[in-house]
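Biologist: I have not looked at this one before. Can you walk me through it?

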Amino acid sequence: MRTLLITGPGGSGRTTVASAMALKAARQGLRTRLVTGDAVEDLPGVTVTRLAPADDFRDDLVALQERAGSALDLLGAARLDADELTPLPGSEELALLRALRDAPDDRYDLVVVDLPPAPRAVSVLALPEQLRRYLRRLLPAERQAARALRPVLGRLAGVPMPAEWLYETAARWDAELATAQAVIDADSTLVRFVAEPTLAAAETLRTTRTGLALHGLRLEAVLANRVLPDGSTDPWLADAAARQRKVIAGWEPGAYEIAHLGRDARAADLDVPLPGTVAGPAAWPVEDRLGTDGVLVWRIPLPGAVREELTLIRRGDELVVGAGPFRRIVPLPSAPRRCTVAGAGLVDGELCVRFAPDPDLWPQTR
């Protein structure tokens, strides 16, 4: 099974293009599913899954109340009824993660996921890794080994220790997030960017490509939507088409063009490409320059990154990398952990972090 993730600026026709891809795949005999948060037209042969953040949030909170019933009763808290619950900010993202968790399904050959507008889509794709890190910090799995001692520790400390159901819930959440993250990181998952060719869209594309690369993802294709035809005798249309061509020429890799139909397009009207070659995750190699320069160089590909927007912080055995509005905390490879950061630079779309061996930690050769 393959997964196709679609994003792009708001108002770019992203959902219609995603629907067109799903419809074309179904017409070619692929068992296809479309996941979207928007209403879509009828797509023969396509199984459409409409995200329902309100329903998911309501079910999750009611279930949580049931699990924590004894604690709520002890505190004298009044339980909330299902019909008075409204979704909170973030419920849409969690509903999408649940859909990604459920994406692996032998009934389908292709799952097309209509992501939120860029660059917010990058933040959604980064959520599983971030939330799993928070869970590990707040409720470390190794503490479960001391579950038999928790009552004793609670009496000694004078405060109640976390209940068993809390650890069980955290473990279940971690497993579900791991499944969603596995779908996002899989070699069979592709990311596409859909946008009208404007200067604003070009900047969004740059930011999105950098954010994806920071999380180890690469764009498989850029789709220029609503492209005006060349050769118009109307001066305004000719000028608009020329400006579009200038923007498209700067998009790398080259953009696939979807013609402007002069009206609101339907999915069946659009000529869109099916998923191409799977690019696979971007590699972050460590280059050994100890013999020549006395350093190791960790090469982190960040296409589109701007030097002034980059931040870098060493936290123990982790590196906090910031690129514009995005940030990621990544564990250091084994060798750089025994080094100190000697500097960094942005070279041809790569963040090159230099590490010098720490004499107190680096193996000495006699």
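Modeller: What follows goes through a sheet, some rings, the cysteines and a few single residues.

Modeller: This is a predicted model, where local features need pLDDT of at least 70, side-chain atom pairs count only at pLDDT 80 or more, and totals for chains, interfaces and linings use all residues. Residues are numbered from 1 along each chain as its sequence is written, and side-chain values use heavy atoms, with hydrogens and water left out.

Biologist: In what order do the three strands of the open sheet come?

Modeller: The order is 10-11-12, with antiparallel pairing. Strands (E, at least two residues) and helices (H or I, at least four) are DSSP runs numbered from the N terminus, and two strands pair if DSSP finds at least two bridges between them.

Biologist: Which strands stand at the edges?

Modeller: Strand 10 (310–315) and strand 12 (326–331) do; each has a single partner strand, so one side of each lacks a neighbour in the sheet. Neighbouring strands are turned against each other by 15 degrees on average, direction ignored.

Biologist: How many bridges join strand 11 to strand 12?

Modeller: Six bridges join strand 11 (residues 318–323) to strand 12. Valine 321 stands opposite arginine 328 in strand 12.

Biologist: Which strands does helix 5 touch?

Modeller: Helix 5 (residues 120–138) packs on the sheet and touches strand 10, strand 11 and strand 12; contact means heavy atoms within 4.5 Å. The direction of helix 5 makes about 45 degrees with that of strand 12. Helix 8 (residues 199–214) lies across strand 11 and strand 12, at about 15 degrees to strand 12. Axes are lines fitted to C-alpha atoms, for helices over the stretch in contact, and angles run from 0 to 180 degrees between N-to-C directions.

Biologist: While on helix 8, is threonine 204 buried or exposed?

Modeller: Threonine 204, found in helix 8, counts as buried because its relative accessibility is 18%. Buried means under 20% relative accessible area, exposed over 50%, and partly exposed in between (1.4 Å probe, protein chains only). Leaving out residues up to four places away in sequence, threonine 204 touches Pro9, Ala118, Pro119 and Phe193.

Biologist: Changing topic, how many aromatic pairs are there?

Modeller: The count comes to one aromatic pair. Tryptophan 284 and tryptophan 298 are edge-to-face, at 5.8 Å centre to centre and 65 degrees between the planes. Rings of Phe, Tyr and Trp (its six-membered ring) pair if their centres lie within 6.5 Å; planes under 30 degrees apart count as stacked, over 60 as edge-to-face and the rest as tilted.

Biologist: Where do the two tryptophans sit?

Modeller: Tryptophan 284 is in the loop between strand 7 (256–259) and strand 8 (286–289), and tryptophan 298 is in strand 9 (residues 295–301), 14 residues apart. Both tryptophan 284 and tryptophan 298 are buried.

Biologist: What about cysteines: how many disulfides?

Modeller: The structure holds zero disulfides, a disulfide being a pair of cysteine sulfur atoms within 2.5 Å. Cysteine 339 is buried at a relative accessible area of 3%, and cysteine 352 is buried at 10%.

Biologist: Last one, is alanine 39 buried or exposed?

Modeller: Alanine 39 is exposed, with a relative accessible area of 62%. The residue lies in the loop between strand 2 (32–36) and strand 3 (46–50). Its C-alpha atom is separated by 8.9 Å from that of threonine 15, 24 residues apart along the chain.
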